Amino acid sequence: MASTSPFTVKWGIMATGWIAEMFTKDLLTNPVSRDVHDVRHEVVAAASSSAKDKAADFLAMVKAPSSANAYGSYHELVADPNVDIVYVATPHSHHFQNAMLALEAGKNVLCEKALTVTAAQTRKLVETAKSKGVFFMEAVWTRHFPLSIKVRELVSSGAIGNVYRVIADLSFNKDAADGKVDFADSHRMVNPDLAGGALLDLGIYSLTWVFQTLYHTQPEKDKEAPNVVAAVNKYHTGADETTSVITQFPKHKSMGIALTSLRVGTDVDGHNSGGAAIRIQGSGGEIQVMGPAYRPLQYKVIKKDGGGRIEVVDCPIPRDEERDWGHGMFWEADESARCLRDGKEESATLPWSESIVIMEVMEEVLKQGGVAYPELITTDVYDAQSPLNTGMR
Ligand SMILES: NC(=O)C1=CN([C@@H]2O[C@H](COP(=O)(O)OP(=O)(O)OC[C@H]3O[C@@H](n4cnc5c(N)ncnc54)[C@H](OP(=O)(O)O)[C@@H]3O)[C@@H](O)[C@H]2O)C=CC1
Ligand SMILES: O=C1OC[C@@H](O)[C@H](O)[C@H]1O
C-alpha cells in the first residue's frame with residue numbers, strides 16, 4: 001500500500017533578519033491549516049553571520065524545536081549534513097556569494113529576491129545548481145499564491161481575451177520632509193553597498209506581475225524576451241528611488257508597464273482607496289489585482305460584455321490558529337518541498353530561464369538609469385572567503 005505520510009524537508013535558515021523571521025514562522029505552521037497534506041517542513045538550523053547567540057535567539061523567538069542547531073557562521077550552516085535546503089535571507093547584495101556557498105556545499109537553495117545584482121551572477125548560480133544536481137529557486141513568494149495561480153489560469157484560458165497590456169505598481173510613500181526618504185542612508189533599501197534601490201527591492205514584484213501574465217503564459221516555442229525602455233530618478237545615495245519600466249513583447253503585441261517608487265504609494269491611504277495595484281488588460285476584459293503586489297488578497301474580473309457586473313474574488317491567507325500565524329510564504333516552501341520530493345532541480349512556477357530574463361531586464365533598467373553598484377557585490381567570481389560570506393563587515 002502506498003505511504004500516506006507527508007514528505008519532510010529539513011530547512012537551514014541563513015540570516016536572522018526580518019524576512020527570515022516571517023518565512024521561518026510560516027515553515028513552522030501546520031500545513032494542514034492550508035489544506036496541504038503531502039509535504040511538511042522542519043527547521044533544523046539557523047545561522048547568523050555575526051554570532052551564535054543571535055541565531056539561538058532567533059530560533060527561540062520563532063519557537064523552533066529545541067533540537068535545532070544555532071550557528072555563528074554561514075559556513076557552519078552549509079556544512080550541516082542534517083540540512084536539506086538552505087533559505088538565503090540576506091540582503092540582495094549578498095545573495096550571489098551566499099547562495100554559491102550553499103550550492104557548492106551541495107545544498108538545495110531557496111534564495112530571496114532580488115535573486116542577484118547582475119544577470120551574470122544569476123546565470124552562474126543556475127550553472128552551479130545544474131552541475132551539482134541540486135534544487136535552486138528564487139523566492140518570489142507571490143508566484144505561488146493560489147491567487148497568482150488562478151490569475152495565470154484565467155489569462156491562459158482566454159477569460160479576458162488576448163492580454164495586450166499589464167500595468168503593475170509597487171510603491172511605498174517614504175517621502176520625508178527634508179527631501180530625503182524615510183530610510184537611513186545605511187539602510188538596505190537605499191544603500192548601494194547592499195544593492196539598495198526601489199527596483200531590486202520593490203520593482204521586482206511589478207515585473208513579477210508583468211512576467212507571470214505576459215511571459216510565463218507564452219507557449220514555450222514562442223517565448224519572447226522583452227525590449228526594455230526605462231526611466232530612473234536616482235536618490236542622493238546613487239540608488240534608484242523612482243523607476244518606470246516599459247517591457248515590449250512585439251511578437252505578442254503586448255506591453256508591460258512596471259512601476260516602483262519610494263516617493264509615492266500604490267496604496268494612498270492604507271485602505272486601497274487608490275484602486276487596483278495591477279491591471280491585466282485583455283481584448284475581452286480586465287483582471288484587477290488589489291495590492292500590495294507582493295501579497296495580494298483579492299482580484300476582480302471585469303468582462304467587456306459583462307454589463308457592468310464585476311466578479312470579486314477574495315483569497316485570504318490561511319492561518320494556523322494554534323501558532324496564531326500565517327503570512328503566505330509557506331506556499332513557496334511547499335513548492336520547494338515538492339520539487340525535492342520529485343527530484344526536480346527547478347520549479348515550473350519560476351523556471352531558471354525566467355529568473356535569468358527578469359534579471360537581464362533589471363540589469364538593463366539599471367544601466368539605462370545609470371545606477372552602478374560596487375565590485376564586491378557585482379562580481380560573478382565566487383569567493384568562499386568573501387566578506388559577504390564570512391560576515392566581516
Ligand atoms: N519576500 C519578501 O516578502 C521579502 C523579501 N525580502 C528580501 O529578503 C532579504 C533580506 O531582507 P530583510 O530581512 O528585510 O533584511 P534585514 O536587514 O532585516 O535582515 C538581513 C539579515 O542579513 C544578514 N546580513 C548579513 N550581512 C549583512 C549586512 N552587511 N548588512 C545587513 N544584514 C546582513 C543579517 O543576519 P545575520 O546577522 O544573522 O547574519 C541580517 O539580519 C532582501 O534580499 C529582501 O529583498 C525582504 C522583505 C520581504
Ligand atoms: O519583498 C519585499 O516585500 C515587502 C516589502 O516591505 C519589502 O521591502 C520587500 O523587500
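How do strands E4 and E5 pair, parallel or antiparallel, and over how many bridges? Strand E4 (residues 85–88) and E5 pair in the parallel sense, over four bridges. The views below come from a predicted model, in which local features need pLDDT of at least 70, side-chain atom pairs count only at pLDDT 80 or more, and totals for chains, interfaces and linings use all residues. Residues are numbered from 1 along each chain as its sequence is written, chains are lettered from A and ligands numbered from 1 in the order in which they are written, and side-chain values use heavy atoms, with hydrogens and water left out.

**View 1. The parallel sheet, E3-E2-E1-E4-E5-E6.** Here six strands make an open sheet with parallel pairing. Strands and helices are DSSP runs numbered from the N terminus (helices: H or I, at least four residues; strands: E, at least two), and two strands pair if DSSP finds at least two bridges between them. Strand E3 (69–71) and E6 sit at the edges with a single partner strand each, so one side of each has no neighbour in the sheet. On average, neighbouring strands are turned by 30° against each other, direction ignored. Look for Val86, whose bridge partner in E5 is Val109. Helix H4 (residues 92–104) packs on the sheet and touches strand E1 (7–14), E4, E5 and E6, with its direction at about 165° to that of E5. Contact means heavy atoms within 4.5 Å; axes are lines fitted to C-alpha atoms, for helices over the stretch in contact, and angles run from 0 to 180 degrees between N-to-C directions.

**View 2. From E5 over to E6.** Strand E5 (residues 108–112) and strand E6 (residues 136–139) run parallel, joined by four bridges. One pair to pick out is Cys111 with its bridge partner Glu138 in E6. Between the two strands the chain goes through helix H5 (residues 119–132), and this β-α-β crossover is right-handed (with the strands pointing away from the viewer, the path from the first strand over the helix to the second runs clockwise). In the loop between E5 and H5 you'll find Ala114, and the peptide bond from Lys113 to Ala114 is cis, with omega near -20°.

**View 3. Leu110, a buried residue in E5.** Leu110 has a relative accessible area of 0%, so Leu110 is buried (buried means under 20% relative accessible area, exposed over 50%, partly exposed in between; 1.4 Å probe, protein chains only). Apart from neighbours within four places in sequence, Leu110 is in contact with residues including Trp11, Phe23, Tyr87, Met137 and Glu332. Glu332 is 222 residues away in sequence, yet the C-alpha to C-alpha distance is 8.9 Å.

**View 4. The mixed sheet, E8-E9-E10-E7-E11-E12-E13-E14.** Eight strands form this open sheet, and the pairing is mixed. Its edge strands are strand E8 (227–234) and strand E14 (310–314), each pairing on one side only. The twist averages 10° from one strand to the next. Strand E9 (residues 240–249) and strand E10 (residues 254–261) are antiparallel over eight bridges, and Thr243 stands opposite Thr260 in E10. Helix H7 (residues 198–214) packs on the sheet, touching E7, E9, E10, E11 and E12, with its direction at about 160° to that of E10.

**View 5. The largest nonpolar core, 124 residues.** A nonpolar core is a set of buried Ala, Val, Leu, Ile, Met, Phe, Trp, Tyr and Cys residues joined through side-chain atoms within 4.5 Å. Trp11, Ile13, Tyr87, Phe136, Ile280 and Tyr299 touch the most other members. H7 gives the largest share, eleven residues. Domain 1 (7–142 + 377–390) and domain 2 (146–314) both contribute, so the core lies between them; domain bounds come from an automatic or database domain assignment. The C-alpha centres of the two domains lie 27 Å apart.

View 6. Most residues other than glycine have a negative phi, and most peptide bonds are trans. Lys63 is exposed at 63% relative accessible area, and Lys253 counts as exposed at 64%.
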